Amino acid sequence: MVVGFRGDTPEGVEPSGAKANHGSYQLPEGGPSMQILQRTLGSLQQYLCDIKESSTADRYRPDRCPLCQARCCFLAHGFYYRTVVHVEFDGSIPVRRYLCRLCRRTVSRLPDFVLPYLRHSIVIISLFLASRLLAARSLREAAQAAFQPNMPYQRGQFWVRRFRQQAAGLCAVLVSLTAVVTATDFVTRALQMLQASGWIAAHRFLFGELRMHLLGWPRFLIPSGAPISFPSRAPSS
Ligand SMILES: [Zn+2]
């Protein structure tokens, strides 16, 4: 598995000049953290209710450190907070962190309804992209379909542009999840395959198995979520 990480830094700048990711400005203590997904079965509200229960520290604890491969090595290490925009929600959510006793790095368990480095949930982004690119709605109509009637149109363009860049690669790997679609272009094909497999299920597969970002890694984390200049040794702190 490719260990791409530095999970909690903001990405680049949207065309509007606003930061593209407002989701995770607060760096975990002790340096960069690798994000792995936490499967969530209920709503965002249910996640918020569950996550602060002490029992989730054990329930969410990974079996194996994805960085040094040690087993049973994680100590609960509190939370970091990131902002999320979801249907009828715009606020911060806590994300559980763990500290590996062996390699001293932290791993955070990002709920699977959000994408690393992006503030808007997968539901919001998928509704927008399906409306804009499959149903050929206008940017404004697509924003309304995604419950974001007042969002700046540049944000939608930004999602569309990133999705277009990812479409061919998505088509190639999503055959592991769903039947091949015979659409004439990669964008339509990728969207139909995502609709068929479920966007969040696809995200779990792409990110969990392949370290692939549904909308493509931001430029400084290409190709797999690892910053190019990131040192291979463990941080000294
Ligand atoms: Zn470790």
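**A first look**

Start with β4, which is mostly covered: 6 of its 6 residues are buried. Keep in mind that you're looking at a predicted model.

- In general, strands of a sheet pair through backbone hydrogen bonds, and they can do so parallel or antiparallel.
- The parallel sense shows up between β1 and β4, which pair over 6 bridges. Here methionine 34 stands opposite valine 107 in β4.
- Strand β3 (residues 89-100) and strand β4 (residues 106-111) run antiparallel and are joined by 4 bridges. Look for leucine 99, whose bridge partner in β4 is threonine 106, and for arginine 97, which stands opposite serine 108 in β4.
- β3 and β4 also form a hairpin, with 5 residues between them. In the turn, arginine 104 has a positive phi of about 65°.

**The whole chain**

- How many helices and strands does the chain have? Its secondary structure comes to 7 helices and 4 strands.
- If you read along the sequence, the pattern is β-α-α-β-β-β-α-α-α-α-α.
- The chain has 237 residues, and 38% of them count as buried.
- Take the contacts between residues at least 6 apart in sequence: 62% of them join residues at least 24 apart.

- α5 isn't straight all the way: it bends by about 45° at alanine 167.
- Alanine 167 is also one of the buried residues of α5, which include Arg155, Gly156, Trp159, Arg162 and Phe163. Gln166, Leu170, Cys171 and Leu174 are buried in α5 too.
- What covers the buried residues of α5? The cover includes α3 (122-134), α4, α6 (186-197) and α7 (199-210).
- A pair of packed helices is described by the angle between their axes and the distance between the axes.
- For α3 and α5, the axes come within 10 Å and cross at roughly 80°. That's why α3 counts as roughly perpendicular to α5.
- Where the two helices meet, α3 brings Ile125, Phe128, Leu129, Arg132 and Leu133, while α5 brings Gly156, Trp159, Val160 and Phe163.

**Two loop residues: buried or partly exposed?**

- Alanine 146 is in the loop between α4 (139-145) and α5 (153-174). Is alanine 146 buried or exposed? Alanine 146 is buried, because 25 other C-beta atoms lie within 10 Å.
- Leaving aside neighbours within four places in sequence, alanine 146 is in contact with Ile124, Leu127, Phe128 and Ser131.
- Serine 126 is 20 residues from alanine 146 in sequence, and the two are 7.9 Å apart in space, C-alpha to C-alpha.
- Arginine 39 is in the loop between β1 (33-38) and α1 (44-51). Arginine 39 has 13 C-beta neighbours inside 10 Å, so it counts as partly exposed.
- Beyond neighbours within four places in sequence, arginine 39 is in contact with Asp112 and Arg204.
- Arginine 39 and tyrosine 60 are 21 residues apart in sequence, and 9.2 Å apart in space from C-alpha to C-alpha.

**How confident is the prediction?**

- The chain has a mean pLDDT of 81, with 78% of its residues at 70 or more.
- Residues 1-31 have pLDDT below 50, and this stretch has 81 contacts in the model beyond near neighbours in sequence.
- The pLDDT is below 50 over residues 227-237 as well, a stretch with 10 contacts in the model beyond near neighbours in sequence.

Technical notes:
Residues are numbered from 1 along each chain as its sequence is written. This is a predicted model: local features need pLDDT of at least 70, side-chain atom pairs count only at pLDDT 80 or more; totals for chains, interfaces and linings use all residues. A residue is buried if 20 or more other C-beta atoms lie within 10 Å of its own, exposed if 12 or fewer, and partly exposed in between; C-beta atoms are placed from the backbone. Two residues are in contact if their C-beta atoms, placed from the backbone, lie within 7 Å. Two strands pair if DSSP finds at least two bridges between them. The bend at a residue is the angle between axes fitted to the seven residues ending there and the seven starting there. pLDDT is the predictor's confidence in each residue, from 0 to 100. Axes are lines fitted to C-alpha atoms, for helices over the stretch in contact, and angles run from 0 to 180 degrees between N-to-C directions. Angles under 35 degrees count as roughly parallel, over 145 as roughly antiparallel, 65 to 115 as roughly perpendicular and the rest as oblique.
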